[in-house]
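Q: Could you take me through this model feature by feature, giving the general idea before each case?

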Amino acid sequence: MKDQPTFFDFAAEVGLTKHIGGVEATEKLVELCHLGKDSYVLDVGCGAGVTPCYLAKRYGCRVVGVDILKAMVTRSMERAQKEGLMDRVEIKVADAQDLPFNDGTFNAVITESVTAFPEDKQKVVNEYARVTKPGGYVGLNETTWLKIPPPPEMIAWASQDLGANIKPLTADDWTGLLKSAGLQDIQVRTFNIDLQDESRGILRRYGCGGTLGVMWRMLGLYLRSSEYRKFVKDAGKGGITPKNLDEYFGYGLFVGHKVLK
């Protein structure tokens with residue numbers, strides 16, 4: 001029997017990548033990971049290629065983006081080609097749990113709203129650390145419980161809005177994963193989520209023309225795909241966002257240093 005399409009299948013078709021915290025979070029991650037024009041960066045779970053292209057264009061980095069979905073890789077390559085960045089951006093299909101790179105390849109490995117998905121998060125973070133050069137950094141931007149235990153309605157909202165498979169952790173949990181991977185000098189920044197800011201962040205990330213293009217493709221997909229219409233209908237049944245969302249739920253930037261030995 002054919003698997004039901006997920007949010008990410010539809011997102012790949014319309015060319016949308018949803019990174020919590022928007023461009024501002026990416027910029028903070030760049031700062032904490034000390035990225036610049038000489039940096040060789042791996043972006044795990046690159047989605048539609050927005051961050052790899054942004055890093056190459058704004059900071060002059062050489063970037064490899066990987067994603068487990070072939071459709072996302074196709075979108076990323078289209079974006080890099082359209083923006084004239086094929087000399088600085090490379091895109092591959094890869095699983096975060098088994099990265100196809102030698103030890104100590106990159107100056108930094110970053111992820112945005114990715115590491116919350118795998119069941120064995122320690123295995124994934126160990127992979128990030130393995131392919132990072134001594135002296136380099138591993139930087140995560142991930143959903144985070146700011147206060148525990150979250151009430152049942154908060155857990156239900158997170159499962160409906162973010163996906164049943166995603167499992168946010170606490171800041172201490174994320175920090176522990178980095179430490180267990182052998183990383184040191186852990187830096188932590190946590191933030192509340194403002195849903196209106198998240199919506200405005202999409203506009204800033206894609207620009208007016210890009211945002212209109214995504215919306216146009218979404219409309220076309222809605223008109224021709226009964227599966228997408230069902231997905232939208234089911235998503236609308238999730239109910240009202242909990243009033244005290246910002247008290248419990250947010251995101252964090254967690255950066256570890258792979259020290260020289």
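A: We can begin with burial: in helix α3 (residues 50-59), V50, T51, P52, C53, L55 and A56 are buried, where buried means under 20% relative accessible area with a 1.4 Å probe and protein chains only. Helices (H or I, at least four residues) and strands (E, at least two) are DSSP runs, numbered from the N terminus. This is a predicted model, in which local features need pLDDT of at least 70, side-chain atom pairs count only at pLDDT 80 or more, and totals for chains, interfaces and linings use all residues. Residues are numbered from 1 along each chain as its sequence is written, and side-chain values use heavy atoms, with hydrogens and water left out.

Q: How is the packing of α5 and α7 to be read?

A: Two packed helices are described by the angle between their axes and the distance between the axes. Here helix α5 (residues 121-130) and helix α7 (residues 171-180) pack at about 50 degrees, with axes 9 Å apart, the axes being lines fitted to C-alpha atoms over the stretch in contact, with angles from 0 to 180 degrees between N-to-C directions. The contact (heavy atoms within 4.5 Å) is made by K121, Q122, V125 and N126 of α5 and by W174, G176, L177, L178 and S180 of α7.

Q: How do β1 and β2 run relative to each other, parallel or antiparallel?

A: Strand β1 (residues 40-44) and β2 run parallel, joined by five bridges, and Y40 has R62 of β2 as its bridge partner. Five of the six residues of β2 (residues 62-67) are buried, so β2 is largely enclosed by the rest of the structure.

Note on methods: Buried means under 20% relative accessible area, exposed over 50%, partly exposed in between (1.4 Å probe, protein chains only). Two strands pair if DSSP finds at least two bridges between them.
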